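Q: Could you take me through the side-chain contacts in this model, starting with how you sort residues by accessibility?

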Amino acid sequence: MENKNKSSLLVGPDDKIGMGEAGFLGLQHVLAMDIYVPPIILAGMMAMGLGDQMGLLQSTFLAAGIGTILQTFVFMKMPVSQGPSFVPLGAAAGVVLASGGLKGNGMGTLIGALLVGSIILVILGATGIFQKVINRLVPALVGGTIITCVGLSLIPTALNSNIFNAPGKIDNNIILASITALTLLVSVGISLKFPKVRRFFRTSSIILALGVGTIVSTMMGIFDWKTVNEAAWFGFPQRTIFHWGINFSPSAIITFIIIYAVITTETTGTWFAMGAVTNHKITDKQWNHGIIGEGLSCMIAALLGTTPVTGYSTNAGVISITGVASKRVFLFAGIWFSVLGFFSKLSAFLAAIPAPVIGGVFAIITVTIMLNGLNVIRGLETTDRDLYIIGIPIILTLALVLLPANVTKNAPQILQYLLGSPIAVAAIAAIILNLVMPQTKVANSKVKTV
């Protein structure tokens, strides 16, 4: 799946950059990902105390760090960062509460189900089944459509969850997000206007924007420094499998096999997105090794007592903005995540960054992901049938994003997992439409899309 983005990269995946710059840019990826949000949400759903909540947060950071390093340098061998998915949160809380809660076998039952699901992922990669499925079901047209829907599905989250519905006054949130986004745009604009400083302002654009947003939020009295000051400096993750134990429940295992299927569909879209922005066609070997790495990352997360860490699409957008795709940067992102697993005060600082600051950057990142998907489609010759393969998943993505919450809650449990993942539904729809829509060989029907 080749595209036209090669010239836009300042640094390719295998290009070497200085250790200092790599560390700085790795931190930029960490700041843009806001991976602390899913564990905080899950902690609230399970009514965790402060100790359990900090333990979950630390375990999530450490699992993301180990998974990122494994995927980037051992398995996928692409610039891929791992982070906690939002998809399993409802199911995870349901399993825990249905199995006696935190004081019973709840977390042990969750860990058992997560381990079984992760082992299945490893088997899919080791046997080569995963690559055969991808080659058969996901050609470039479907891949480009999935990438587009990944970005499209994230835009409302960036605007609603991080800005409009975030804690605080909505006008302050909008002002803060706007200042952060404007700083990012000014940095990119300077890099385009003045070639001599292009590299600095482009590669640092996101961290500059987040830095300005943090300063402004402090001046507005929004940044919660009290939480940071009260946090301990260091601490080992305490809420692992050794604390919670392990228990196997058939119903929980079946539930999470379904959850893993949905997550894997999302991860496939993330890998396509990363391949698009780095101008790299993913090989059969990489597909298989990638799903092995995904399974091992999820296995490590389960052993550490947290939910699955999977490929994050946010990083593809960061690369589009900064132009730096070096795997060394992702090595340092993994190191930063691992450090956060032990450096409690730094974890508290990142968690205290106001949501509108993240949202101002995140909104722009999501648009770049969507446009990379459209770029893939634009490079293809499409027929009339292909317009529906592209269009219907986009409609479904928007429909599920706008679907009232009460409709999802009243649906059967299995449907709730799908309704909560627009990316998975869009991917399934694109795959099915590509299989069932009749092929046309009439040359006159060919049109250029986008």
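A: Buried means under 20% relative accessible area, exposed means over 50%, and partly exposed is what falls in between, using a 1.4 Å probe and protein chains only. This is a predicted model, in which local features need pLDDT of at least 70 and side-chain atom pairs count only at pLDDT 80 or more, while totals for chains, interfaces and linings use all residues. Residues are numbered from 1 along each chain as its sequence is written, and side-chain values use heavy atoms, with hydrogens and water left out.

Q: Ok, is phenylalanine 61 buried or exposed?
A: Phenylalanine 61 counts as buried because its relative accessibility is 2%.

Q: How many aromatic pairs are there?
A: The count is 10 aromatic pairs, where rings of Phe, Tyr and Trp (its six-membered ring) pair if their centres lie within 6.5 Å, and planes under 30 degrees apart count as stacked, over 60 as edge-to-face and the rest as tilted. In one of them, phenylalanine 61 and phenylalanine 337 have ring centres 6.4 Å apart and planes at 25 degrees, so this pair is stacked.

Q: Where do those two sit in the chain?
A: Phenylalanine 61 is in helix α3 (residues 50-73) and phenylalanine 337 in helix α16 (residues 327-340), so that the pair links parts of the chain 276 residues apart, with helices (H or I, at least four residues) and strands (E, at least two) taken as DSSP runs numbered from the N terminus. Phenylalanine 337 is buried as well, at 0% relative accessibility.

Q: Which residues do ring pairs link into a cluster?
A: Phe130, Trp271, Phe272 and Trp287 are linked in this way.

Q: Switching to charges, how many salt bridges are there?
A: A search of the whole structure gives four, a salt bridge being a side-chain nitrogen of Lys or Arg within 4 Å of a carboxyl oxygen of Asp or Glu. One of them joins aspartate 14 to lysine 327, with the closest N and O atoms 3.0 Å apart. Aspartate 14 lies in the segment before α1 (19-33) and lysine 327 in helix α16, 313 residues away.
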